[in-house]
Amino acid sequence: MGIRYYWRNYPVITILLVALNAIFFVGPDLLEIPSDLTTVLYGGGLTLADVENGEVYRFLTSAFLHFDINHLMGNMLMLVIMGYRLERILGHIPYLILYLASGVGANVVTFVSYYMGGDYRVIAAGASGAIFGVCGGMYAVALIGRQAEGITAGQMMAVILITLLSGYMSLEVNNMAHLSGLIFGFLLGLAFYLVKRMRRPRNPWV
């Protein structure tokens, strides 16, 4: 069984994304790199000052960094549950584009909010913008197709509302990233799903 077999039969992008998030979190310790979590976060997290200094790569890198193990595990659990299904529905490449665009888009909106508020003290990190993008994509698919791999639009909306509510109950959560990621994911999911329905490929992963 070669790469093509796994590409056509497994959620390889979801597996890769989970692995990358985990590596960014535990990598320095496993590789015995003299670094701590604070150093990693300030090296790739999203801050107003660093982006103003031209470090635009932080719009992407911050989406793969997490503050603690609970932050990481919560995001990865949602990614595994929802990402597997959305990847199967949309195909590998559209799903990857949706994930990255939602994560980066959410961070751009976050940066704009920091800029408008002149907030130089906050550092933003985490995959939640991209995860909400996946949830938005799932909702779009379920809304048009009546269900998405066994999940209805009503069930998906309930998950989204509960998750958003829990975020608004915490002062440490970047709710702007959640909402913007959700919107980006919904729009991209809707577009990709409508295109795929017109093409109707035989293999669900492609």
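Reader: Let's start with Asn 21: is it buried or exposed?
Author: Bearing in mind that this is a predicted model, Asn 21 is buried, since its relative accessible area is 0%.

Reader: And where does Asn 21 lie?
Author: Asn 21 belongs to helix α2, which covers residues 12-30.

Reader: Which residues is Asn 21 in contact with, leaving aside its neighbours within four places in sequence?
Author: With those neighbours set aside, Asn 21 is in contact with Ala 63, Phe 64, His 66, Leu 72, Met 76, Tyr 99 and Ala 127.

Reader: What does the pair of Phe 24 and Phe 64 tie together?
Author: Phe 24 lies in helix α2, whereas Phe 64 is in the loop between α5 (58-61) and α6 (69-90), so the pair ties together parts that are 40 residues apart in sequence.

Reader: How does accessibility look for each, starting with Phe 24: buried, partly exposed or exposed?
Author: Phe 24 is partly exposed, having a relative accessible area of 35%, while Phe 64, at 8% relative accessibility, counts as buried.

Reader: Which residues form an aromatic cluster?
Author: One aromatic cluster is formed by Phe 59, Phe 111 and Tyr 115.

Reader: Okay, what about Phe 67, where is that found?
Author: Phe 67 is found in the loop between α5 and α6, and its relative accessibility of 32% makes it count as partly exposed. From Phe 67 to Val 12 there are 55 residues in sequence and 26 Å in space, taken C-alpha to C-alpha.

Reader: Changing topic to helix packing: at what angle do α7 and α8 pack?
Author: Helix α7 (residues 92-117) and helix α8 (residues 128-145) pack at an angle of about 130°, and their axes are 7 Å apart. The two helices are therefore oblique to each other, and α7 passes α8 in a right-handed crossing.

Reader: Which residues meet there, in α7 and in α8?
Author: From α7 come Tyr 95, Leu 98, Tyr 99, Ser 102, Gly 103 and Ala 106, which meet Gly 129, Ala 130, Ile 131, Gly 133, Val 134 and Gly 137 in α8. By class, the residues of this contact divide into seven nonpolar, five polar and no charged. Tyr 99 in that list is also one of the residues in contact with Asn 21.

Reader: And how do α8 and α9 pack?
Author: The angle between α8 and helix α9 (residues 153-168) is about 155°, with their axes 8 Å apart. An angle over 145 degrees counts as roughly antiparallel, and α8 and α9 are therefore roughly antiparallel to each other. Their crossing is left-handed.

Reader: Which residues make that contact of α8 and α9?
Author: On the α8 side they are Phe 132, Cys 135, Met 138, Tyr 139, Ala 142 and Leu 143, and on the α9 side Ala 153, Met 156, Met 157, Ile 160, Thr 163 and Leu 164. This contact has 11 nonpolar residues, one polar and no charged.

Reader: Last one: what does Thr 47 touch, not counting residues up to four places away in sequence?
Author: Thr 47, placed in the loop between α3 (37-44) and α4 (48-52), touches Val 122 and Ile 123 on that count. At 7% relative accessibility, Thr 47 counts as buried.

Key. Residues are numbered from 1 along each chain as its sequence is written. This is a predicted model: local features need pLDDT of at least 70, side-chain atom pairs count only at pLDDT 80 or more; totals for chains, interfaces and linings use all residues. Side-chain values use heavy atoms; hydrogens and water are left out. Axes are lines fitted to C-alpha atoms, for helices over the stretch in contact, and angles run from 0 to 180 degrees between N-to-C directions. Helices (H or I, at least four residues) and strands (E, at least two) are DSSP runs, numbered from the N terminus. Angles under 35 degrees count as roughly parallel, over 145 as roughly antiparallel, 65 to 115 as roughly perpendicular and the rest as oblique. A crossing is left-handed if the near helix is turned anticlockwise from the far one by less than a right angle, and right-handed if clockwise. Contact means heavy atoms within 4.5 Å. Ala, Val, Leu, Ile, Met, Phe, Trp, Tyr, Cys and Pro count as nonpolar, Asp, Glu, Lys and Arg as charged, and the others, Gly among them, as polar. Buried means under 20% relative accessible area, exposed over 50%, partly exposed in between (1.4 Å probe, protein chains only). Rings of Phe, Tyr and Trp (its six-membered ring) pair if their centres lie within 6.5 Å; planes under 30 degrees apart count as stacked, over 60 as edge-to-face and the rest as tilted.
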